[in-house]
Amino acid sequence: MKDISFVRYSAETAKAEITSQFVDCYREVFAETPWHEWLKCPKCQKYWGKKDRPLIESWKFNHCGVEMVEFWTKDQVLSDLQHEITKKASCWLALHQEKVVGFCYGYPITINSLEKKLGIEISEKIKEQFGNNTTVAYQDDVGVLTPYRNKKIAKTMVNLRLKDFINQGLRVGIVRTREKPEPSVTFSWYQKIGYEILARYPGDDGRVILGRNLEDL
Ligand SMILES: [Zn+2]
């Protein structure tokens, strides 16, 4: 990881070239394992990742009689990033030879707004576990391009984000991750460092909300 540098990112002040690279990196990361969010069928909403390329090439990029569409369009990702990475957010990019190869971001959010965003009840549980906090640190996406994984790049960015949260006086970190059908890398990793399960999405959803006091991390 000696050639990797880490830079703070803000959608408001970044050069267009960096933002465009960030969008590309985001789409590339989520098209790969374990997300497989590359192309989807606009009719049945099934989706496939880059690893399924031979199969979907054999279908000529069609499903249910219609052409597949991108899971994450550039416009959608750009609008999400501009909406979520505001001045209060903490966002870090990993660069290799001036190319964006990883990203990590999060932001302070009131518990009420977070409940709305995540579509699940967590306020009582947060109160029970961590006392009265009106604002928590929401730890949004972390992603690293496949060839750069397992080099502690994600860990470094998460630590930089953590420092930002603590400097902002935030005490509780919240993250949404996947427990089933297979625990994601982040699920295992956050559990190992003491994050607790605050809520599970109902049915077969498989996603969970984890939380931890940030002060003694
Ligand atoms: Zn379909």
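What arrangement do the 4 donor atoms around the zinc ion make? The model examined here is predicted; local features need pLDDT of at least 70, side-chain atom pairs count only at pLDDT 80 or more, and totals for chains, interfaces and linings use all residues. Residues are numbered from 1 along each chain as its sequence is written, and side-chain values use heavy atoms, with hydrogens and water left out.

The zinc ion is coordinated by four residues: Cys 41 (SG), Cys 44 (SG), His 63 (ND1) and Cys 64 (SG). The distances run from 2.0 to 2.4 Å. Donors are N, O and S atoms within 2.8 Å of the metal (3.2 Å for Na, K and Ca); water is not among the atoms, so sites may look incomplete. The 4 donor atoms subtend angles of 103 to 114° around the zinc ion, so the arrangement is tetrahedral. Four donors count as tetrahedral if all angles lie between 85 and 135 degrees. Along the sequence, the donor residues follow the spacing C-x2-C-x18-H-C. Cys 41 and Cys 64 link distant parts of the chain, 23 residues apart. Cys 41 sits in the loop between strand 2 and strand 3, whereas Cys 64 lies in the loop between strand 4 (62-63) and strand 5 (66-67). Helices (H or I, at least four residues) and strands (E, at least two) are DSSP runs, numbered from the N terminus.

Buried means under 20% relative accessible area, exposed over 50%, and partly exposed in between (1.4 Å probe, protein chains only). Leaving aside neighbours within four places in sequence, Cys 64 is in contact (heavy atoms within 4.5 Å) with Cys 41, Lys 43 and Cys 44. Asp 140 is 76 residues from Cys 64 in sequence and 33 Å from Cys 64 in space, C-alpha to C-alpha.

Two open sheets were examined. Strands of a sheet pair through backbone hydrogen bonds, either parallel or antiparallel. Here, two strands pair if DSSP finds at least two bridges between them. Strand 2 (residues 39-40) is joined to strand 3 by 2 bridges. Leu 39 stands opposite Trp 48 in strand 3.

The other sheet has 7 strands in the order 1-7-8-9-10-12-11, and its pairing is mixed. Strand 1 (4-8) and strand 11 (196-200) each have a single partner strand, so one side of each is left without a neighbour in the sheet. On average, neighbouring strands of this sheet are turned by 25° against each other, direction ignored. Strand 8 (residues 99-110) and strand 9 (residues 135-144) run antiparallel and are joined by 8 bridges. Pro 108 has Ala 137 in strand 9 as its bridge partner.

Helices pack on this sheet. Helix 7 (residues 185-192) touches strand 9, strand 10 (172-178), strand 11 and strand 12 (207-213). The direction of helix 7 makes about 145° with that of strand 10. Axes are lines fitted to C-alpha atoms, for helices over the stretch in contact, and angles run from 0 to 180 degrees between N-to-C directions. Helix 6 (residues 153-167) lies across strand 1, strand 7 (90-96), strand 8 and strand 9, and runs at about 160° to strand 9. In helix 7, Phe 187, Trp 189 and Tyr 190 are buried. The cover over the buried residues of helix 7 includes helix 6 and strand 10. Gly 194 follows helix 7 and has a positive phi, near 95°.

Aromatic rings were then paired. Rings of Phe, Tyr and Trp (its six-membered ring) pair if their centres lie within 6.5 Å; planes under 30 degrees apart count as stacked, over 60 as edge-to-face and the rest as tilted. The count comes to 13 aromatic pairs. Tyr 9 and Phe 22 form an edge-to-face pair, 5.0 Å centre to centre with 85° between the planes. Both Tyr 9 and Phe 22 are buried. The rings of Tyr 26 and Trp 72 have centres 5.8 Å apart and planes at 90°, so this pair is edge-to-face. Tyr 26 and Trp 72 are buried. Ring pairs link a cluster that includes Tyr 9, Phe 22, Tyr 26 and Trp 72.

Definitions and conventions. Tetrahedral: all angles 85-135°; square planar, octahedral: opposite > 155°, others 65-115°.
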